[in-house]
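Biologist: Can you walk me through this model? Keep it simple, please.

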Amino acid sequence: MSATRTELPALHLAGVTKSFGPIEVIQGVDLDIRPGERHAVIGPNGAGKSTLFNLISGMFPPSSGEILLDGQGITGLSPHRINRAGLARSFQITNIFHRLSVFENLRIGVLARHGVRYGLFRPISRMRRVNEETAEVLERVGLRARGEDLAGDLTYSEQRALEIGMTLTTGADVILLDEPTAGMSREETAEAVELIRSVTQGKTLLMVEHDMSVVFSLCDRVSVLVYGSILATDTPERISANREVQEAYLGEEAS
Amino acid sequence: MEFAIISTLNGVTYGLLLFMVSAGLTLIFGMMGVLNFAHASFYMLGAYVAYAVSSIFGFWIGLIVAPIVVGLIGMAVERFLLPRVHAHGHAHELLLTFGLALIIEELIKLFFGDFPVNYQMPADLRFSAFSVFGSNYPFYRLFIGGVAVVMFAVLWLLLTRTRTGIVVRAAERLPAMAEALGHNIPMVFMFVFGTGAALAGLGGAVAGAFYPTNPNMGIELGVIVFVVVVVGGLGSLKGSLLASLLIGLFSSFAVGLDWSLAGLFGLFGLGDWARSLGGLMTLELSSVSATIPFALMLIVLLVRPAGLMGEPN
Amino acid sequence: MASMRTILILAAILLLLVAVPPFLGIAWQNALVNVLIASLFALAFNLLIGQAGLLSFGHAAYFGIGAFAALHLMIAVEDGFDFPTPLLPVAGAAAGLLVGIVAGYFATMRSGVYFALVTLAIAELFHSLAPHLQGVFGGESGVSSMRMPWQGIVFGSIIEVYYLTLGWVLICGLALWTYTRTPFGRLTLALRDNEQRVRFLGYDAHAAKVIVFAISAMFSGVAGALLAISNETANYSLFATDVSAQVVLQTFVGGSTVFFGPVVGAAAFTLFSFLVSDLTRSWVFYQGLIFVLVMLFAPTGIGGVVQFHARHRRQLDRSRLAGPYALALLGGLLIAGGVVYLTETVAVLFGQGYAVRMRDAVDGLPNYDLFGISWNPVSILTWLLPLVLVAVGGVILVRARRSIAGFWDRVGRSDGPVETKAAAPGGPA
């Protein structure tokens, strides 16, 4: 891992802040995500984890600071530009196309990746490569049997899997997952962890996660976000041993 | 100078009238998320009810009865019709009220005919308030503005000083929480919808005696009111007051100005060239005063899509 | 996928549309031209609401623009410009597309109810400006021209106009249907469902919405151009709110969730207005009433109800459903009878003709004629009849609805043909 230090970070945040009115929700976050690592952001409720994701993915622009994706500035760009630059995200609250089939949900993203975003002059059924790739993603997230069903009719954990699948379709190398296992049972969580592990192979992952067992089994490094700033960034083991972190966060929940 | 004073007065009174109608619309939207397309029809209904009642019982009785009747109709719509389509989303609520607007307009035509009716202010209000530069200013215009101002003072006091008003404001922010605290929110919604309708009805009853009362008055004012809420920001009372006055002033000034694009080009010595183009170039502002609000809306959309006082979405 | 059955039905309709009109009278041919134009307009409108989830209250603007563009081209042809008459609607398409891009840019900056209001205001902008623009819109009197012969076709008779219209409507209808099978067509549906997610998948949602809007405006422009070719004239009243309102009513009564639903609504309303407009002044009132009833009791429209039955045809137990459905029809007819009677009575009693007779009458209110019978306005029977009709019809209808709902509940389709749970077509309001 020491060699990666000299590498260009996949995602680089420097002095990122965000204020809503008088309240500064994010107070100067500096963070480097190395290419290929799986990185978790943990922190108590209201620490600003989702806000941080929203700033990175372009939901709204930061008040100040700089965000680089593979060395390219993406600060304050619109979501679709950031996505095209190679960053895809999932949502904490399932955010899918409820009235489209599961297959269609995934195909929308695959089409974007193939640059036929506004294709009007060819029937979609003849686009063989698009359809094959969609079927492949469908297979990978374990939803092959449900491809023709409406996304709104899926079970909760299936919808979460679809949510992850959709972030893969656009071919982004940096994946942001916002609480992918929230609300899942123990078995479902275990399956989701395996799914995330397999689909993020060779990609960079940044995820918000509450479940420490997920963090331990999945992530290379962890950053602790408390009151809008990063308290510490380290390996899961050392983070859990960090006294400051224990006091600020783990202590109050673990005890 | 004379022109400026008269236009300002006209603009402000017209703006206050617009606010009388748009306030209810934006209050209802802010609380319930329902855009009531039939809101301007309530305005028209107010004028016609006042006309029908006043022809028998006199102007003042009409002025009192009209908002009550219209308010009751509004409550009935909120109670019996809107819940039926609520599950299908706000677009269906909009469509339902759109259909109601159509029905109200056609019913008016059915009973009163497809032409203006003779709804007049009483003779004892028909005098001039004062005269500026030799021309008399009708008192009734001031009366319209005065009714609007009094109404808002009352509404403001109700919202800020009474228990019900506080519940209403709480329900606007967090309906579920207000309900959990034991307030009868469906009742509050019905009351607010009725009040909004009654305000529009009062507006119609007052204004109908001055402006023409005909079956088109609903949609004609309606489109302007919709422009007001887009410009002001839906759900913002302050925004709709600002936008109402702005559009009132713009419209009343435009009526008296013979500016044209050719004139503008004339300032740069291109007047003759522009005049030779004709069309849009030589169109005088006064003849397109009806277009002003829509043009203003497009400009606001470009500069501040959320409206002057609206929250960006 | 289009089933064999659907294809056969479409082929039969097509055959009728081609073969029958020559044997009809001129009035009927004219009515059919209007049906076709209204159908195309409704299909173009439904591209926005049915597929993109954008509710426009101002589609008259693009319809009207198309008409004026075609007329200006017709005038140019009259003056010697060499342009084939059958291709005139291209002018409408181009004008609709251009204006649609600009208007769509503004309108799609907001979503939900704002979008509806902005479209309404844009149409009103045209409506208020057009009478003052002599050159483009011909002032208050409008623009007129004449169809010029082309390649031996005179375009003098209505049947020629009919076939020209039919050809264009079929081509455009097919194009709009094909649209739904393209990548962009799928993106349109995704926009309706969840615009935010579309943006995070790398699409510029605003640009996409502008394109959908412009395409809808383009086909509306073709419809307007066809009207201009048929009427050879147009004025600013084409921009009026009632034109915009008509297409909304037709589309939703026909059913916006089914591709051909709007055509059903457009055809039904246009034919009805042709048939009854001589009989009643209250046609628009009935339209509004029908629309509100559809919104309240069958939000997916005629098309949605038909589609529901087609989907569940295996569970359709004809022997058990025929009774309740016939009862529902009877109840509906009784109510309709009562309402029509009341409406027409009001129209007569509050009409100007009756006011004159009332003044001249010696004592009391004079009798009036309706449906070929003379009625006494102060007789109890006169008012009891409609009330009884409505009451009896209401009771029957409620009963029938209950047993129909009961049937669909038993076969496990709680989302019966009326009040289906099919999601609202609207955008995120």
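Modeller: We can go through the chains, their contacts and then one hairpin.

Modeller: This is a predicted model: local features need pLDDT of at least 70, side-chain atom pairs count only at pLDDT 80 or more, and totals for chains, interfaces and linings use all residues. Residues are numbered from 1 along each chain as its sequence is written, while chains are lettered from A and ligands numbered from 1 in the order in which they are written.

Biologist: Start with chain A. How many helices and strands are there in chain A?

Modeller: Chain A has nine helices and 10 strands. Both are DSSP runs, numbered from the N terminus: helices are H or I with at least four residues, strands are E with at least two.

Biologist: Why is chain A as compact as a globular protein of that length?

Modeller: The radius of gyration of chain A is 18 Å, close to the 18 Å that the globule rule gives for 255 residues, so chain A is as compact as a globular protein of that length. The radius is taken over C-alpha atoms, and the rule is 2.2 Å times the number of residues to the power 0.38. Those C-alpha atoms fill a box of roughly 60 × 40 × 40 Å, taken along the principal axes.

Biologist: What share of chain A is buried?

Modeller: Buried residues are 44% of the 255. Buried means that 20 or more other C-beta atoms lie within 10 Å of the residue's own; exposed means 12 or fewer, and partly exposed is in between, with C-beta atoms placed from the backbone.

Biologist: Which domains is chain A divided into?

Modeller: Domain 1 (1-86 + 174-255) and domain 2 (96-171). Such bounds come from an automatic or database domain assignment. The C-alpha centres of these two domains of chain A lie 26 Å apart. Their contact takes 11 residues from domain 1 of chain A and 11 residues from domain 2 of chain A. Two residues are in contact if their C-beta atoms, placed from the backbone, lie within 7 Å.

Biologist: What gives the most to the domain 1 side of that contact in chain A?

Modeller: Helix H6 (186-199) of chain A, with five residues. By class, that side has eight nonpolar, two polar and one charged. Ala, Val, Leu, Ile, Met, Phe, Trp, Tyr, Cys and Pro count as nonpolar, Asp, Glu, Lys and Arg as charged, and the others, Gly among them, as polar.

Biologist: New topic. Which chains have the most contacts between them?

Modeller: Chains B and C, among the two pairs of chains that touch. No contact joins chain A and chain B, whose closest C-alpha atoms lie 11 Å apart.

Biologist: And how many residues does chain A give to the contact with chain C?

Modeller: Chain A gives 29 residues and chain C gives 21. Helix H3 (102-113) of chain A gives the most to the chain A side, with six residues.

Biologist: What about chain B? How many helices and strands?

Modeller: Chain B has 13 helices and two strands. Of its 313 residues, 50% are buried.

Biologist: Back to chain A. How do strands S1 and S2 of chain A run?

Modeller: Strand S1 (residues 11-20) and strand S2 (residues 23-33) of chain A run antiparallel, joined by eight bridges. Two strands pair if DSSP finds at least two bridges between them. One bridge partner pair is His12(A) and Asp32(A). S1(A) and S2(A) form a hairpin with two residues between them, and Gly21(A) in the turn has a positive phi of about 60°.
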